[in-house]
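Q: Please take a close look at the helix packing in this model. Start with the overall chain, then go through the details.

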Amino acid sequence: MIKNFFRNLYPLTKFYLAAVLLISAFILPNHTYGYLLIAICGIAAYFYEKLGIYLKRVFFSLFFLTLIIFAVQGLMIPSNDIMAKFGFITVYKTGIITAVRLTSKIAALVSTITMLTLISKAKEFTVALEKKGVNPKAAFILLLSLQMIPEMKKQSDIIMDSQKARGVEMEGNVFVRFKALIPIFIPMVLSSIISTEERAITLESRGFSIGEKRTILHDIEETKNDKIMKIMLAIFIVLCIVWRVLWVISK
């Protein structure tokens, strides 16, 4: 029931969900909420059967960055309030608080964007934007931007497999790997240029630049679930603002 509710949401409603969660992280004074969003967005990714990919991306995006921020803020920026001391290593309370504040916001940003990219199909998202009045060319540029990294990764995997089949050594020490970049990089650049030209010819043959209203083959419509979600998001953001105001007044 809940899974179907989330999976049938309109693409723009998914965008509103991610935007409200992200904005709420900057409104609410509790910094642990930013870390809690990792779990909340993970639940949404689970409904779309993307939990494994979500956790992998969030972990690799946040783990080392979080360690660096805590190390720099807690150990290398001295202050008067010492939190703990281990031999010659001193941990400063002000630095740790600053690190928590920074990393909570970064965690909120990474988790919401990762969730949105996993639960939203790029084509459906651009169709929804066009139906809202966005210029088709601008929507197409956005679609290309969203598809660029996955397409490049897919293309690089194909090129690497092809070069391995030709006997090019891809694994080994740093020098071997660096040497292998050349037979990968050149075909990738050439294939990108060719695919761009082919895409431009295809668009022109389909009358993309005519300027008339375009018809949509696979249309998508908003449902009652989208209205319910929008109302819930509106109530939630209002409650977050009220909480923030009361917190400021009580200080």
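**Helix packing**

A: Of the contacts in the chain with a separation of 6 or more, 71% join residues 24 or more positions apart; contact means heavy atoms within 4.5 Å. The model is predicted, so local features need pLDDT of at least 70 and side-chain atom pairs count only at pLDDT 80 or more, while totals for chains, interfaces and linings use all residues. Numbering runs from 1 along each chain as its sequence is written, and side-chain values use heavy atoms, with hydrogens and water left out.

The chain has 9 helices and 2 strands. Both are DSSP runs numbered from the N terminus: helices are H or I, at least four residues, and strands are E, at least two. From the N terminus on, the order is α-α-α-α-β-β-α-α-α-α-α. Of the 251 residues, 31% are buried. Buried means under 20% relative accessible area, exposed over 50%, and partly exposed in between, with a 1.4 Å probe and protein chains only.

The unreviewed UniProt entry annotates "transmembrane region" at residues 9-27, 58-76, 96-119 and 231-249. Its positions follow the numbering used here, feature names are shortened, and annotations may be inferred rather than shown by experiment. Residues 58-76 are 95% helix and 0% strand, with end C-alpha atoms 26 Å apart. Residues 96-119 are 100% helix and 0% strand, and there the end C-alpha atoms are 34 Å apart.

Take α4 and α5. Helix α4 covers residues 51-75 and helix α5 covers residues 93-119. They pack at about 165°, with axes 9 Å apart. That angle makes α4 roughly antiparallel to α5. Axes are lines fitted to C-alpha atoms, for helices over the stretch in contact, and angles run from 0 to 180 degrees between N-to-C directions. Under 35 degrees counts as roughly parallel, over 145 as roughly antiparallel, 65 to 115 as roughly perpendicular, and the rest as oblique. Ala, Val, Leu, Ile, Met, Phe, Trp, Tyr, Cys and Pro count as nonpolar, Asp, Glu, Lys and Arg as charged, and the others, Gly among them, as polar.

Now α2 and α9. Helix α2 spans residues 11-27 and helix α9 spans residues 224-250. Their axes come within 10 Å and cross at roughly 10°. That makes α2 roughly parallel to α9. On the α2 side, the meeting residues include Tyr 16, Leu 17, Val 20 and Ile 23. The α9 side includes Leu 233, Phe 236, Ile 237 and Arg 244. By class, this contact of α2 with α9 divides into 12 nonpolar, 2 polar and 3 charged residues.

Look next at the loop between α3 (32-47) and α4, where Glu 49 lies. Glu 49 has a positive phi of about 60° although it is not a glycine. Most residues other than glycine have a negative phi. Glu 49 is exposed, at 60% relative accessible area.

Ile 43 sits in α3 and is partly exposed at 46% relative accessibility. Its C-alpha atom is 9.9 Å from that of Lys 3, 40 residues away along the chain. Asp 157 belongs to helix α7, residues 136-165. At 33% relative accessibility, Asp 157 is partly exposed. Asp 157 and Ile 184 are 27 residues apart in sequence and 9.4 Å apart in space, C-alpha to C-alpha.
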